Amino acid sequence: MEEINLKILLVGDTCVGKTSLLLRYIDDDFPDKHLTTIGVDHLLKSFEFRGFNIQLQIWDTAGQERYRSVTNSFFHNADGILFVYDVTNQNTFEGVKNWIEESEKRGNNAKKILLGNKCDLKHKKKVSDEEVNNYCEENQMDFFETSAKENINIKEAFEKIIKLIFTDKSDEEIKMLYGVRKSNLTTYLEKDDKNR
Ligand code: GDP
Ligand code: MG
């Protein structure tokens with residue numbers, strides 16, 4: 001089976017639950033603390049989709065949540081971005097809008113979706129559905145409310161971003177675009193490490 005390599009980013013303010021979403025998706029685990037010390041750039045997950053062996057390389061902004069400290073190499077070659085805010089914190093919704101603008105400024109044309117995380121905290125919800133729906137309509141983005149804690153909509157969100165990446169592409173195009181990139185993505189990673 002043909003191997004397809006995709007680079008997916010988790011982007012948003014600190015403490016919105018990016019690392020928790022990642023670990024829930026990868027390991028089905030929810031460590032109940034702020035995970036600043038995880039110390040990895042990306043994790044891998046593989047599965048079958050549309051007859052391809054999909055290898056996701058998922059990048060997390062570990063402790064680099066201020067825009068300027070995120071390197072261009074983080075956005076470089078990204079195929080999909082999951083933008084995350086915390087439904088109980090209005091500031092993080094403002095923050096995620098800045099993140100979306102920033103990624104567009106950097107000329108990134110990855111597929112994008114918006115995640116409102118911590119939807120298990122219903123009684124503490126601050127960001128209104130109306131505001132989010134309007135924003136998503138204006139910016140033509142799909143939206144999911146997720147909970148890393150209760151494992152809500154996480155698999156669905158990752159599946160959605162893969163579907164968006166594959167939409168309107170023939171199998172041939174997919175092979176050409178994503179089939180031989182593993183070494184490219186890895187080379188880029190190593191180069192980036194040397195620059196730190
Ligand atoms: P990051 O800075 O965006 O990577 O956020 P973390 O994944 O480290 O999570 C920050 C805090 O929010 C931690 O205390 C998590 O346990 C908590 N958290 C993350 N996701 C959820 C969620 O879906 N629901 C609730 N209630 N708490 C969450
Ligand atoms: Mg984190």
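**Reading rings, charges and helices**

Author: A search of the whole structure finds seven aromatic pairs. Rings of Phe, Tyr and Trp (its six-membered ring) pair if their centres lie within 6.5 Å; planes under 30 degrees apart are stacked, over 60 edge-to-face, and the rest tilted.

Reader: How is a pair of aromatic rings described?

Author: By the distance of the centres and the angle of the planes. Take Phe49 and Phe166: their centres are 5.4 Å apart with 55° between the planes, a tilted pair. This pair links distant parts of the chain, since Phe49 is in strand S2 (residues 42-49) and Phe166 in helix H5 (residues 154-166), 117 residues apart. Helices (H or I, at least four residues) and strands (E, at least two) are DSSP runs, numbered from the N terminus.

Reader: Are Phe49 and Phe166 buried or exposed?

Author: Buried means under 20% relative accessible area, exposed over 50%, and partly exposed in between (1.4 Å probe, protein chains only). Phe49 counts as partly exposed because its relative accessibility is 23%, whereas Phe166 is buried at 1%. Now compare another pair: Tyr85 and Phe93 are edge-to-face, 5.0 Å centre to centre and 65° between the planes. Tyr85 is buried at 1% relative accessibility, and Phe93 is buried at 0%.

Reader: Which residues do ring pairs link into a cluster?

Author: Phe49, Phe52, Phe166 and Tyr178.

Reader: Before we go on, what sort of model is this, and how is it numbered?

Author: It's a predicted model: local features need pLDDT of at least 70, side-chain atom pairs count only at pLDDT 80 or more, and totals for chains, interfaces and linings use all residues. Residues are numbered from 1 along each chain as its sequence is written, chains are lettered from A and ligands numbered from 1 in the order in which they are written, and side-chain values use heavy atoms, with hydrogens and water left out.

Reader: What does the chain contain overall?

Author: Seven helices and six strands, in the order β-α-β-β-α-β-α-β-α-β-α-α-α along the sequence. Of the 196 residues, 46% are buried. For contacts (heavy atoms within 4.5 Å), look at pairs at least 6 apart in sequence: 76% of those join residues at least 24 apart. The chain exposes about 10300 Å², with carbon and sulfur atoms supplying 44% of it; that area comes from the Shrake-Rupley method with a 1.4 Å probe, and for residues only the protein chains shown count as cover.

Reader: Which ring does the charged end of Lys7 sit over?

Author: A charge sits over a ring if NZ of Lys or CZ of Arg is within 6 Å of the ring centre and within 35 degrees of the ring normal. For Lys7, the ring is that of Trp59, 4.0 Å from its centre. Lys45 does likewise with Tyr25, at 4.6 Å. Lys7 is in strand S1 and is buried, with a relative accessible area of 2%.

Reader: Which backbone oxygen does the Lys7 side chain reach?

Author: That of His76, at 2.7 Å. A polar contact is a pair of N or O atoms within 3.5 Å; within protein, one must be able to donate a hydrogen and the other to accept it, and residues adjacent in sequence count only if both atoms are side-chain atoms. Arg24 gives another case: its side chain reaches the backbone oxygen of Lys149 at 2.8 Å.

Reader: Where is Arg24 in the chain?

Author: In helix H1 (residues 18-27), where Arg24 counts as buried at 13% relative accessibility. Leaving aside neighbours within four places in sequence, Arg24 has contacts that include Asp29, Phe30 and Ile154.

Reader: Why is H1 called largely enclosed?

Author: Because nine of its 10 residues are buried. Those buried residues pack against S1, S2, strand S3 (52-60), S4, S5 and H5. After H1 comes Asp28, with a positive phi near 55°.
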